[in-house]
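Hi everyone, thanks for coming.

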Amino acid sequence: MTPATSGARVALTYSAGRLRGLAARLRRGGFQVIRRPLIRVEAVPAPTPEAVRGALASPWVLFASPAAVAVWRAWGLPLDGRLFGATGPGTAQALRRLGASIALVGSPADASGLARAFLNHPLAGGPVTLPRGDRALPTLPRLLQAAGVECVPLLAYRTVPRPWEPRMPPAAVVLASPSALTALSSRVTNAALLVTIGATTARAARRTPATVVEAAEPTVDGVWRALHGALQPLIPESQARNACDR
């Protein structure tokens with residue numbers, strides 16, 4: 001491809017509100033940005049009073065995604081009076097926007113990182129409430145239970161893929177979950193670079209024929225660096241320099 005102001009086409013497939021500022025940074029760097037969320041999150045009905053009592057009896061609530069935070073809030077459950085953990089910066093930001101205090105953030109930003117951060121916390125102890133989606137892997141409860149921590153799973157939402165078959169595949173697709181990957185056609189995964197957020201998504205993406213680059217961290221800067229490093233030949237040099245300086 002020939003470098004031009006329009007640049008390479010990059011599809012951002014995560015839900016609105018995540019990675020704020022990434023689209024603007026990509027445009028400054030000479031990319032065309034396509035916004036195409038590949039999953040739809042459907043909140044499940046509010047739990048029964050008995051389930052709510054069980055969830056709120058836990059001293060800890062560990063959120064694995066911003067979607068779980070949003071559903072917790074939509075159910076009208078409190079964001080104080082207990083200790084909150086977040087799987088990564090995006091989930092932590094969602095909690096902070098609602099005024100919650102955060103006791104810990106996973107590092108790396110995945111289930112194993114969240115479990116490690118929790119088990120190393122001086123106040124770690126069960127039971128632990130886990131608001132989760134229907135496609136969540138069993139990694140987090142398995143690690144906690146192996147350490148003797150009682151878990152209280154709470155189904156918060158269902159994840160529905162939104163299949164996408166673009167007429168012309170983009171140069172790169174940014175993916176934030178394995179569920180989003182299932183919405184891509186083989187024509188896209190055969191042609192596009194997949195930039196993944198998180199080790200779980202990276203492992204799923206590497207099972208496709210695509211070239212996969214995992215962002216070093218689940219932040220705007222982390223995704224920008226991954227894209228910039230992989231697609232730098234497509235970016236006008238002056239634009240790339242200006243974008244990096246901002």
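Let me start with a question: in which sense do β10 and strand β11 pair, and over how many bridges? They pair in the parallel sense, over 4 bridges, with β11 covering residues 211–214. When I say that strands pair, I mean that DSSP finds at least two bridges between them. Helices (H or I, at least four residues) and strands (E, at least two) are DSSP runs, numbered from the N terminus.

Two housekeeping sentences before I go on. This is a predicted model, where local features need pLDDT of at least 70 and side-chain atom pairs count only at pLDDT 80 or more, while totals for chains, interfaces and linings use all residues. Residues are numbered from 1 along each chain as its sequence is written, and side-chain values use heavy atoms, with hydrogens and water left out.

Back to the strands, then.

How does the whole sheet run? Its 5 strands follow the order β2-β1-β9-β10-β11, in an open sheet with parallel pairing. At the edges sit β2 (32–35) and β11, each of which pairs on one side only. On average, neighbouring strands in this sheet are turned by 25° against each other, ignoring direction. For angles like this, axes are lines fitted to C-alpha atoms, for helices over the stretch in contact, and angles run from 0 to 180 degrees between N-to-C directions.

Helix α10, residues 220–231, packs on this sheet and touches β1 (9–12), β9, β10 and β11. The direction of α10 makes about 155° with that of β10. By touching, or contact, I mean heavy atoms within 4.5 Å.

Now a look at the side chains of β10. In a regular strand, side chains alternate between the two faces of the sheet. In β10 (residues 193–196), Leu193 and Val195 point one way and Leu194 and Thr196 the other, and all are buried. Buried means under 20% relative accessible area, exposed means over 50%, and partly exposed is in between, using a 1.4 Å probe and protein chains only.

Is Ser177 buried or exposed? Ser177 counts as buried because its relative accessibility is 17%. Leaving aside neighbours within four places in sequence, Ser177 is in contact with Ile39 and Thr201.

Let's move to the other sheet. Here 6 strands form an open sheet in the order β3-β8-β7-β4-β5-β6, and this time the pairing is mixed. The edge strands, each pairing on one side only, are β3 (39–43) and β6 (104–105). Strand β4 (residues 60–63) pairs with β7 (residues 128–133) in the parallel sense over 2 bridges, and Trp60 has Val128 of β7 as its bridge partner. Helix α4 (residues 89–97) packs on the sheet, touching β4, β5 (83–86) and β6. Helix α6 packs on the sheet too, touching β4, β7 and β8 (151–161), and its direction makes about 160° with that of β7.

A residue I like here is Leu62, in strand β4. Leu62 is buried, since its relative accessible area is 1%. Its contacts, leaving aside neighbours within four places in sequence, include Leu104, Leu114, Phe118 and Leu144. Leu62 and Leu104 are 42 residues apart along the chain, with their C-alpha atoms separated by 9.1 Å.

Finally, a helix pair. The axes of α5 (residues 111–119) and α6 (residues 139–146) come within 8 Å and cross at roughly 30°. The two helices are therefore roughly parallel to each other, a label for angles under 35 degrees. On the α5 side, the contact is made by Ala111, Ser112, Leu114, Ala115, Phe118 and Leu119, and on the α6 side by Thr139, Leu140, Leu143 and Leu144. The buried residues of α5 are Gly113, Leu114, Ala115 and Phe118, and what covers them includes β4, β5, β6, β7 and α6.

That's my tour, and I'm happy to go back to any part of it.

Key
Parallel < 35°, antiparallel > 145°, perpendicular 65-115°, else oblique.
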